[in-house]
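Reader: I have a model open and would like to learn how to read it. Could you take me through some of its features?

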Amino acid sequence: MDPESPRRRDADLEVIDNTTQGPSPRNDALGVNLLGEACCQTNEEMDGSGRGFAVEATPLLQRGTAHPVARQITPYLALLSCLAFAGPIYGWTPMQAMLVERGAFLYECDESSDSSCAAQIETLSAVYSLASFVNEGSAFLIGVLVDLQGSEVTVLLSGACYVAGYVMIGLFDFFGDWCLFVAFMLLGVGGMGFFLASFRAAGLTESRVVFLTAASCLYDSSSGVFLAVQGLLNLFDDDYGHFRVAFLLLAVLSLALTIALAYCWRLSGCDQVDMEVDDRKNATALRLKDRPFGRGQLYTLEFALLAAWVTLGMFKAIGYLGTIYDWLDAIGDGSNGVPELISGLVVAGCLWIPILAYLFRIGLCGSAHVINVIGLAFSICVCVPTVTSQIFGAVIYAAYRAAFYASVPNFCAGLFGQKSIGRTAGLLYTLGGFAALLTAPIVWAGESGYWTAVNIASCLLVVPMGGCVLSLHMFSAEPCLALGPPEPGVS
């Protein structure tokens, strides 16, 4: 939104008018008046470029602590937890291969068969589908847990899920094949818990933009965990014993990292500061980040437009993965290595961190427009039925996926504040998870041969997505949504 627009000038006048009416009783009790609070809100959280988002209270880095080492280590352990735990279930192909090799659900096949069959693969696919749905669908509830109970509690519960899940996978021959459903659901819930809990560590860094971008990219990179396990097992003989040892060792490592991270969360004091920030919120505040979660933030034009943009973007990203393999078969290039290239690029998502950290410095809406253009570019490449075009499309898709998913926590932090980031980001991820269910008609249309309609529809999604972003910076008075980088001293 243009800083000189009438809507923004009206908002500025409203701030001036409110500061002349004297402090409210609630602010008197806190020892701050509205003018002092407005001055506090203009302080910036530096992101390395001289620009940044406004903080909600005294920055965490400026507060005294009896445990400075724990405060320094916590962000790094949070990022490590994202790499190790956030989304290993999405590296399903090597995991399925290991389970098939060790006879999981082999009873679904004929007694005379000693190898995999369609029924066995379908059952394992159901395990993955349920785990991925639980991962996305539980995001909002986990976000509530993160914001209201703190990161320490969330990390401990998520670590318990991971330890139990890895033990059940390692000993599935003892518990029975059915336990794989429970085990991967636990990994799905635990992964989202580690992921959302890590967002709160952004306040312990000097660059919130870089940290949130790194956490999101490492979420994709974590899908390579099972690929690494498969590679290590291939170095030894393929008996079940090494498989059991590998996953029991993962359970032990998960327990150790969970305890270390939870202990650092407690010593860092991050959760206590967030409670102080929450006390400052009021339903009549001009800024969304100063309002309470619920009607103050969700019942707003900004959240509605952001939710629509995120849902459409996830629909586009998930729809591509759901149709690209059939599309490659349809054009006669199903065995050209593009599927493996896509998987490798997603795992290498952490390589996009420096580029994306720079991208988000141009402003939230500016970066969202760039993301929409990248999405249109990969859709156009997919429309061209040649191997070269599909390779370019895969590379551009990886950039789009990394940038889009990294934009969600950055939007939530900039618009709604650090205190509500777990609930707002969790709700958006949950909406995106349900958007995945809407891709079924797209997959059916592709399998039925309506590829022209599918590819054109993917390109045309840029129209409503662009409209959402345009509406955000045209009709919102939030300074962080202005089209362009934020000016120094302007929150």
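Reader: Which residues are buried in helix α5 (residues 92–101)?

Author: Keep in mind that this is a predicted model. An α-helix has 3.6 residues a turn, so residues three or four places apart point the same way. In α5, the buried residues are Trp-92, Pro-94, Met-95, Gln-96, Met-98 and Leu-99.

Reader: What comes just after α5?

Author: Gly-103, which has a positive phi of about 80 degrees, comes just after that helix. Phe-105 also deserves a look: its phi is positive, about 60 degrees, although Phe-105 is not a glycine.

Reader: Where is Phe-105 placed, and is it buried or exposed?

Author: Phe-105 lies in the loop between α5 and α6 (118–137). Buried means under 20% relative accessible area. Phe-105 has a relative accessibility of 2%, so it counts as buried.

Reader: What should I look at for the protein as a whole?

Author: Start with the secondary structure: there are 23 helices and zero strands. Then take burial, where 53% of the 491 residues are buried. Contacts tell you about sequence separation: among those between residues at least 6 apart in sequence, 79% join residues at least 24 apart.

Reader: How do I read the largest nonpolar core, and which of its residues touch the most other members?

Author: In soluble globular proteins, nonpolar side chains tend to be buried together. Here the largest nonpolar core has 114 residues, and Phe-184 and Trp-309 touch the most other members. Helix α19 (residues 387–416) supplies the largest share of this core, 16 residues.

Reader: Which residues is Trp-309 in contact with, leaving aside its neighbours within four places in sequence?

Author: Its partners are Ala-368, Ile-371, Asn-372, Phe-404, Ser-407, Phe-411, Met-465, Cys-468 and Val-469.

Reader: At what angle do helix α10 (residues 179–199) and helix α20 (residues 421–437) pack?

Author: For a helix pair, read the angle, the distance between axes and the handedness. The angle between α10 and α20 is about 135 degrees, and their axes are 9 Å apart. That angle makes α10 oblique to α20. Their crossing is right-handed.

Reader: Which residues of α10 and α20 meet?

Author: From α10 come Phe-195, Leu-196 and Phe-199; from α20 come Ile-421, Gly-422, Ala-425, Gly-426 and Tyr-429. By class, the residues of this contact are six nonpolar, two polar and no charged.

Note on methods: Residues are numbered from 1 along each chain as its sequence is written. This is a predicted model: local features need pLDDT of at least 70, side-chain atom pairs count only at pLDDT 80 or more; totals for chains, interfaces and linings use all residues. Side-chain values use heavy atoms; hydrogens and water are left out. A nonpolar core is a set of buried Ala, Val, Leu, Ile, Met, Phe, Trp, Tyr and Cys residues joined through side-chain atoms within 4.5 Å. Buried means under 20% relative accessible area, exposed over 50%, partly exposed in between (1.4 Å probe, protein chains only). Helices (H or I, at least four residues) and strands (E, at least two) are DSSP runs, numbered from the N terminus. Contact means heavy atoms within 4.5 Å. Axes are lines fitted to C-alpha atoms, for helices over the stretch in contact, and angles run from 0 to 180 degrees between N-to-C directions. Angles under 35 degrees count as roughly parallel, over 145 as roughly antiparallel, 65 to 115 as roughly perpendicular and the rest as oblique. A crossing is left-handed if the near helix is turned anticlockwise from the far one by less than a right angle, and right-handed if clockwise. Ala, Val, Leu, Ile, Met, Phe, Trp, Tyr, Cys and Pro count as nonpolar, Asp, Glu, Lys and Arg as charged, and the others, Gly among them, as polar.
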